Amino acid sequence: MTRTPAEIRSTRIGALARLPAFFALENKRAVVAGGSPTATWKAELLSAAGARVEVFAVAPSEEMQALAAAPPRGPVILHDRTWAPGDFAGAAIAVADCTDDNEAAAFAAAARAAGVPVNVIDRPAFCDFSFGAIVNRSPLVIGISTDGASPVFGQAIRAKIEALIPKGFARWADAARAWRPRVQALALPFHGRRNFWERFTERAVAAPNAAPTDADLDALLEPTPAQTTGSVILVGAGPGDPELLTLRAVRALQSADVILFDDLVAPDILDFARREAKKMLVGKTGHAPSCKQDDINALMIALAKAGRRVVRLKGGDPMIFGRADEEISACRAAGITVEVVPGITTAQGAASRLLVSLTHRGKARRVQYLTGHGRDGKLPADIDWASVADPAVTTVVYMPTKTLPELVANAVQAGLDPATPAVAVERATRADERVIAATIADLPARLAAEALSGPVIVMIGRALADHVAAAARGESESRQLRA
């Protein structure tokens, strides 16, 4: 049974509580009403953005006076009086710290009458915009909003992001601003410009605290094959949990023109892709309609030859039963640049959720991966059954659902103890993950009774003994409670 590659339309963006936007305020006039420490912080932000800040306050705080004496960027001018409607003329933005709703309503009405967007501190009902928490790597600036629901939560998120983003990114963002005119002057095609900025990003991420130089610019301007012929990246999507994606996988998804993905890829993974990227399902599923591998290879190469940056997204790791060798060979034969971004394979993800070491000391001296699904859809004929029967090995079987009864029968005949612990995991690491623990002799019947529909792996070996025993105790206790 075959099917053809199908494009999946990007979902519409979800509802936004606030539209994130950034004001350009350099040399523009900003009105601030109030001289409190809270108003001082807003005036400081406006000055840092280059605004000419005019503060109207009868008795400005010491903090406000100190800010006026040494502003971070734009001037801060103090007016020893309350605001008046005429003060909004020519202003780009207005902020107030008001003592009550009546004062807030009057300030907001006057600002809006003059066509000036307004923020009244801690009074969202009178605000056209909010400030939120800020991560400052200027000119790289990140704003975080909770729509006023929990400013403390927003600050906690800011702290997390601050820890992730090196301070040196500010220098790279400055370099991007300085180099952009030179890149634009080269009149590169769209893909050439994209390629430049993707390589720029890779270099910045690799050396975030290095100071970018003209030598970096020269190196980035050197033409690469991908600028003219496109490229292919095989990316491991991991077992399902989006948080198990590698940073390199996320960068690949965000730079892709086209993403060819399998049925085994969890839908949430695609949320990390560039919204403009074309997403095409090229799924191959056992015993169900599947795209032919030759058709996938041909599509992948045609897109790359058209100059596209193609991401071939695979569940788990591309190099573990992912036909990566066939796709790499096809790219090489066509002269297409190809690279691989490894992913966490399903066995690793499942073991991590079970808190089971697959190489438990004293119980397993090695781990082996098998496929239960050959080219013809049947159990492969070349399995080393003595190896599967070895009591000191942990065996992980991929795509086992249809052939597990035959696999177990052959392994037991070769000497595998029927009481060997075994675990089947469906949709490993996802929110709807299901785990079935039993002896290997009982597991095929348990799987058939459960009628699992998602991707499944089976793990066999003494390393799983504690987990299987705990599961058995839990089932016994549950039966006793029902009785």
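The buried residues of α15, which spans 443-450, are Leu443, Pro444 and Leu447. These three residues cover an arc of only 100° around the axis, which puts them on the same side of α15. The model is predicted.

- The elements covering the buried residues of α15 include the helix α14 (404-413).
- Strands β16 (421-426), β17 (434-439) and β18 (456-460) are also among the elements that cover these residues.
- Ala451 follows α15 and has a positive phi, near 50°.
- An α-helix has 3.6 residues a turn, so residues three or four places apart point the same way.

**Aromatic pairs**

- Across the whole structure, a search finds 11 aromatic pairs.
- One of them joins Trp83 and Phe88 in an edge-to-face arrangement, with 5.6 Å centre to centre and 65° between the planes.
- Both Trp83 and Phe88 are buried.
- Phe196 and Trp197 also form an edge-to-face pair, with 4.7 Å centre to centre and 90° between the planes.
- Phe196 is buried, at a relative accessible area of 2%.
- Trp197 has 18% relative accessibility and therefore counts as buried, the cut-off being under 20%.
- Trp172, Trp179, Phe196, Trp197 and Phe200 are linked into a cluster by ring pairs.

**Charge over a ring**

- The charged end of Lys42 sits over the ring of Phe131, at 5.2 Å from the ring centre.

Notes. Residues are numbered from 1 along each chain as its sequence is written. This is a predicted model: local features need pLDDT of at least 70, side-chain atom pairs count only at pLDDT 80 or more; totals for chains, interfaces and linings use all residues. Side-chain values use heavy atoms; hydrogens and water are left out. Buried means under 20% relative accessible area, exposed over 50%, partly exposed in between (1.4 Å probe, protein chains only). Helices (H or I, at least four residues) and strands (E, at least two) are DSSP runs, numbered from the N terminus. The arc is that of the directions from the helix axis to the C-beta atoms. Contact means heavy atoms within 4.5 Å. Rings of Phe, Tyr and Trp (its six-membered ring) pair if their centres lie within 6.5 Å; planes under 30 degrees apart count as stacked, over 60 as edge-to-face and the rest as tilted. A charge sits over a ring if NZ of Lys or CZ of Arg is within 6 Å of the ring centre and within 35 degrees of the ring normal.
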